[in-house]
Amino acid sequence: MTQNVTILLVEDEIWMLEGIEDLVQTIDIGYDVNTLTANNGVEALKLLDDQCPDLIISDIMMPKMDGIEFLKHVRSSHRLQHIPFIFLTARSEPQDRLQGSLSGADLYLVKPFKTDELLGLIKTQLDKAFRRQSAQEETFSQFKKGLMQILNHEFRTPLTYVTAYSEMLVQGFNAQQQDNSFQ
C-alpha cells in the first residue's frame, strides 16, 4: 500500500498548473498524490489555513503575491515551516537562483524542465521529509520513554522511604506493646 501525500501547486499560468497537476497524479512516484492548486501566493496562503501539504511547488513570478513573499510566509509559520518547498520558475539568471536559494527554498528548478527530473526531485523531497519526520518521532519517543523512567524512579523513591519508615514505626509500636504487656 502506497502512502498518500498532498502537494500544493502554486502557478499563475493555468496550462502549466494543470500540466504539472496531471503529471504528478498520473505518473507513479511511489506515492498516491493528491493536489491542491492556487494561482498566486494569496490563494495558496488561504488554502494553507485549512490544510498542511507534504510538499509545495511554487512559481516565483505571480500576481498579488510572488513566490518569494509566499515562501517567507510559509517559513515564518511554525505549523508550515517544515514543508519542503520547490521553486519552479522561468527565472534562470544566477542572481535569481541565488535569491531563491537564500530565501529558504529547498530546491530551485528552472522552466522548461525535464519531466523525469521534476518527478525525481519531488520523490526525493518527499522521501527526505518522511525520513526526517520518522527520525523526529523516534527521538520524541525515546525522550518520552526516558522521562517516564525518570519520573517512575523519582515517584518510587519517596514511596520507598515512606513505606520503610511506616514499617519501622509499626515494628517499634509492636515492640513497645510487647514491653508494656510484660510489666
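**Aromatic rings, sheet and core**

Author: Searching the whole structure turns up 2 aromatic pairs. This is a predicted model, with local features needing pLDDT of at least 70 and side-chain atom pairs counting only at pLDDT 80 or more, while totals for chains, interfaces and linings use all residues. Residues are numbered from 1 along each chain as its sequence is written, and side-chain values use heavy atoms, with hydrogens and water left out.

Reader: How is a pair of aromatic rings described?

Author: By the distance of the centres and the angle of the planes. Rings of Phe, Tyr and Trp (its six-membered ring) pair if their centres lie within 6.5 Å; planes under 30 degrees apart are stacked, over 60 edge-to-face, and the rest tilted. Here Phe-70 and Phe-85 make a tilted pair, at 5.7 Å centre to centre and 50° between the planes. That pair links distant parts of the chain: Phe-70 sits in helix α3 (residues 67-76) and Phe-85 in strand β4, 15 residues apart. Helices (H or I, at least four residues) and strands (E, at least two) are DSSP runs, numbered from the N terminus.

Reader: And why is the pair of Phe-85 and Phe-87 edge-to-face?

Author: Because their ring centres are 5.1 Å apart with the planes at 75°. Ring pairs join Phe-70, Phe-85 and Phe-87 into a cluster.

Reader: Is Phe-70 buried or exposed?

Author: Buried means under 20% relative accessible area, exposed over 50%, partly exposed in between (1.4 Å probe, protein chains only). Phe-70 is buried, at 0%. Phe-85 is buried at 0%, and Phe-87 is buried at 0% too.

Reader: Now the sheet: in what order do the strands run?

Author: Two strands pair if DSSP finds at least two bridges between them. The open sheet has 5 strands in the order β2-β1-β3-β4-β5, with parallel pairing. β2 and β5 (107-110) are at the edges with a single partner strand each, so one side of each lacks a neighbour in the sheet. β3 and β4 pair in the parallel sense over 3 bridges, and Ile-56 has Phe-85 in β4 as its bridge partner.

Reader: Which residues touch the most other members of the largest nonpolar core?

Author: Such a core is a set of buried Ala, Val, Leu, Ile, Met, Phe, Trp, Tyr and Cys residues joined through side-chain atoms within 4.5 Å. Of the 22 residues in the largest one, Ile-20, Ile-57, Phe-113, Leu-118, Ile-122 and Leu-126 touch the most other members. A second, separate core of 21 residues includes Ala-44, Met-65, Ile-68 and Val-74.
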